[in-house]
Structure formats: C-alpha cells, structure tokens
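Colleague: I am new to this model. Please take me closely through one part of it, and say how that part sits in the whole.

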Amino acid sequence: MKANRVLLIGYVGKDPASILTKKGAKKVSIRLATHYKKKTAGGNHGYQTVWHDVVAWDQRAEQAERNFVKGSRILVEGFVDYRTYPDASGHIRYITEIRADNLLNLDR
C-alpha cells in the first residue's frame, strides 16, 4: 500500500516545458493551479489558488506534451517528492514536486 498519494484536479498555468536528460529520459514540468473555497476577512466566500509543480517522465511526459496546453483542465495522480540541493552560493534549496503516475486531460 502506498501512503504518499496525491490526486489533483486543476488548470495548467503555462504550456508544459520539456527537457531531455543526459541519459536520454524525457522530463516535462507542469505548473498546475488548484482552487478551494475560503472565507475572506469580510466574511464573504472566495477562492484561494494554490500552485503545484508537477513532473512527468518518459511516456507520461510525451503524453503531457501532446495533450496539455495553458488552460487545460487536467487530473494528476501521483506522489509528493521532496528534494534538496546546494545552489551556486552554497545555500540549501528545497523543492517540493508532485511526481505524476497518471495524467488525464479533462477537457476532452
């Protein structure tokens, strides 16, 4: 049983960006916006937008590249991945990404 599971439905914020790694694997990065209802300071209801960094590899990357554009409504199933790395000045940088196992275009 996998306990680290994420299911998101949202909108692609910009066209997916793809790269080819030195080892020949394809990676696509997707900015995904999700929304939830939130009560504002004035007592009214509004929506809060949360941005997610989604990463797809190989076949899923090719699927995302072919089927998603800015504004596409998509479903992402995957897991949360936390990484750290030292930048050029030696500071530790923290990255949180959603690694996609399944992607589905809900516009079609």
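Modeller: Contact, or touching, means heavy atoms within 4.5 Å. Leaving out residues up to four places away in sequence, P16 touches V28, S29, I30, A64, F68 and V69. The model is predicted, so local features need pLDDT of at least 70 and side-chain atom pairs pLDDT 80 or more, while totals for chains, interfaces and linings use all residues. Residues are numbered from 1 along each chain, and side-chain values use heavy atoms, without hydrogens or water.

P16 lies in the loop between strand 1 (6-12) and strand 2 (17-20); strands are DSSP E runs of at least two residues, helices H or I runs of at least four, numbered from the N terminus. P16 is buried, with a relative accessible area of 17%, where buried means under 20% (1.4 Å probe, protein chains only). Its C-alpha atom is 13 Å from that of L103, 87 residues apart along the chain.

F68, one of the residues touching P16, is also among the contacts of N105, along with N67, S72, R73 and I74, when neighbours within four places in sequence are set aside. N105 belongs to strand 6 (residues 92-105) and is buried because its relative accessible area is 12%. A polar atom of the N105 side chain lies 2.8 Å from the backbone oxygen of N67, and the N105 side chain reaches the backbone nitrogen of D107 at 2.9 Å.

Of its 108 residues, 31% are buried. Its C-alpha trace spans about 55 × 45 × 35 Å along the principal axes.

Notes:
Buried < 20%, exposed > 50% of the residue type's maximum accessible area, 1.4 Å probe, protein only. Polar contact = N/O pair within 3.5 Å; in protein donor to acceptor, adjacent residues only side chain to side chain.
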